[in-house]
Amino acid sequence: NPGAQIMAGGDIIVWGRLQGSAHAGAFGDMNAVVCALEMTPTLIKIADLTVRNHKGKAEMARVKEQEIVFTKWDRS
């Protein structure tokens with residue numbers, strides 16, 4: 001929900017709508033991911049990288065080349 005905060009040392013997987021903020025890899029794990037069926041967060045952090053106000057369906061946020069990128073969330 002808007003205003004909610006999730007923080008994890010590893011991955012974050014939301015089987016629904018992510019609307020608040022999510023911080024995966026909170027202890028510096030750059031391989032952590034944030035996944036949600038509907039991605040409308042106010043803030044996503046992975047390790048020390050940050051993205052604000054992203055919108056999309058069934059997406060995965062991960063770090064690629066020192067930047068948070070969003071890709072389609074699939075089984076691979």
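1. **The β1-β3-β5-β6 sheet.** Four strands form an open sheet in the order β1-β3-β5-β6, and the pairing is mixed. The edges are held by β1 (5-7) and β6 (49-52); each has a single partner strand, so one side of each is left without a neighbour in the sheet. Neighbouring strands here are turned by 10° against each other on average, direction ignored. Some terms first. Strands are DSSP runs of E with at least two residues, helices are runs of H or I with at least four, and both are numbered from the N terminus. Two strands pair if DSSP finds at least two bridges between them. Angles run from 0 to 180 degrees between N-to-C directions, with axes as lines fitted to C-alpha atoms, for helices over the stretch in contact.

2. **What kind of model this is.** This is a predicted model, in which local features need pLDDT of at least 70 and side-chain atom pairs count only at pLDDT 80 or more, while totals for chains, interfaces and linings use all residues. Residues are numbered from 1 along each chain as its sequence is written, and side-chain values use heavy atoms, with hydrogens and water left out.

3. Strands β5 and β6 pair in the antiparallel sense over four bridges. Leu43 stands opposite Arg52 of β6. Lys45 has Thr50 in β6 as its bridge partner. The two strands form a hairpin with two residues between them. Look at Ala47, in the loop between β5 and β6. Its phi is near 55°, a positive value in a residue other than glycine. Ala47 is buried, with a relative accessible area of 8%. Buried means under 20% relative accessible area, exposed means over 50%, and partly exposed lies in between (1.4 Å probe, protein chains only).

4. Glu65 is not a glycine, yet it has a positive phi of about 55°. This residue lies in the loop between β7 and β8. Is Glu65 buried or exposed? Glu65 is exposed, with a relative accessible area of 74%.

5. **The β2-β4-β7-β8 sheet.** An open sheet of four strands has the order β2-β4-β7-β8, again with mixed pairing. At its edges stand β2 (12-18) and β8 (67-72), each with a single partner strand, so one side of each is left without a neighbour in the sheet. The twist averages 25° from one strand to the next. β2 and β4 (residues 34-39) pair in the parallel sense over five bridges. Within β4, Val34 stands opposite Ile12. When you view either sheet, keep one rule in mind. In a regular strand the side chains alternate between the two faces of the sheet.

6. **The core.** The largest nonpolar core has 17 residues. Such a core is a set of buried Ala, Val, Leu, Ile, Met, Phe, Trp, Tyr and Cys residues joined through side-chain atoms within 4.5 Å. Which residues have the most contacts inside it? They are Leu18, Val34, Ile44, Ile46 and Ile68. At least two core residues come from each of β2, β3 (21-24), β4, β5 (43-46), β7 (56-64) and β8.

7. Take Ile46, leaving aside its neighbours within four places in sequence. Its contacts (heavy atoms within 4.5 Å) include His23, Met30, Val34, Val63 and Ile68. Now take Val63, in strand β7. At 18% relative accessibility, Val63 counts as buried. Beyond its neighbours within four places in sequence, Val63 is in contact with Met30, Ile46, Leu49 and Ile68. Val63 and Ala8 are 55 residues apart in sequence and 16 Å apart in space, C-alpha to C-alpha.

8. **The whole protein.** There are zero helices and eight strands. With 76 residues, a compact globule would have a radius of gyration near 11 Å; the protein has 11 Å, which agrees. That radius is taken over C-alpha atoms, and the globule rule is 2.2 Å times the number of residues to the power 0.38. The C-alpha atoms fill a box of roughly 30 × 25 × 20 Å, taken along the principal axes. Of the 76 residues, 41% count as buried. Among contacts with a separation of 6 or more, residues 24 or more positions apart account for 14%. The protein exposes about 4800 Å², and carbon and sulfur atoms supply 48% of it. Accessible areas come from the Shrake-Rupley method with a 1.4 Å probe; for residues, only the protein chains shown count as cover.
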